[in-house]
Amino acid sequence: MTMTLKLAFAITILLTISFNQIVSGDIGTATSYNPPYTPTRCNGNRADQFPSGNLFVQVSEGLWDNGAACGRRYRLRCLSGNNRPCKGGTVDVRVVDFCTRRPCPSTIVMSTDAFAAVSKSPDAKINIEFIQI
């Protein structure tokens, strides 16, 4: 192998490893929704369904899984959006509802508090990475 070919191979391996560390979850979109948050499809009007800090979400058809998504927890982070809305860091959220709008505007619809944890723009539609925890 020539030196150039060895270098190209090494760079390819390093990029592959780096990419796998950066993106380890699913990719989707997120928007926010405002109160009232009840009733939900998961637990109706029960106040104890909402985690502390109001870090919860509605999910679209693709994640709903005929209601099995209720209570699932996801860690998500903002990747991009118009006008650089991302704050950085992650937020852990719990599924409490099925998306109430048809068609659903995004993969995950976040409570205003959850959305504010990752985005500077409350009305933005952002690209996210998420993983079930």
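Me: Which residue does a disulfide join to Cys42?
Reply: This is a predicted model, in which local features need pLDDT of at least 70, side-chain atom pairs count only at pLDDT 80 or more, and totals for chains, interfaces and linings use all residues. Residues are numbered from 1 along each chain as its sequence is written, and side-chain values use heavy atoms, with hydrogens and water left out. A disulfide is assigned to a pair of cysteine sulfur atoms within 2.5 Å. With an S to S distance of 2.0 Å, the partner of Cys42 is Cys70.

Me: How many residues apart in sequence are the parts that Cys42 and Cys70 tie together?
Reply: Helices (H or I, at least four residues) and strands (E, at least two) are DSSP runs, numbered from the N terminus. Cys42 lies in the loop between strand S1 (26-33) and strand S2 (56-59), and Cys70 in the loop between helix H2 (61-64) and strand S3 (73-80), so the parts tied together are apart in sequence by 28 residues.

Me: Is Cys42 buried or exposed?
Reply: Buried means under 20% relative accessible area, exposed over 50%, and partly exposed in between (1.4 Å probe, protein chains only). The relative accessible area of Cys42 is 17%, so Cys42 is buried.

Me: Why is the disulfide of Cys78 and Cys86 left-handed?
Reply: The sulfur atoms of Cys78 and Cys86 are 2.0 Å apart. The disulfide is left-handed because the torsion about its S-S bond is about -60 degrees.

Me: What is the pairing of the bonded cysteines, numbered in sequence order?
Reply: The structure holds three disulfides. One of them joins Cys99 to Cys104. In sequence order, the pairing is 1-2, 3-4, 5-6.
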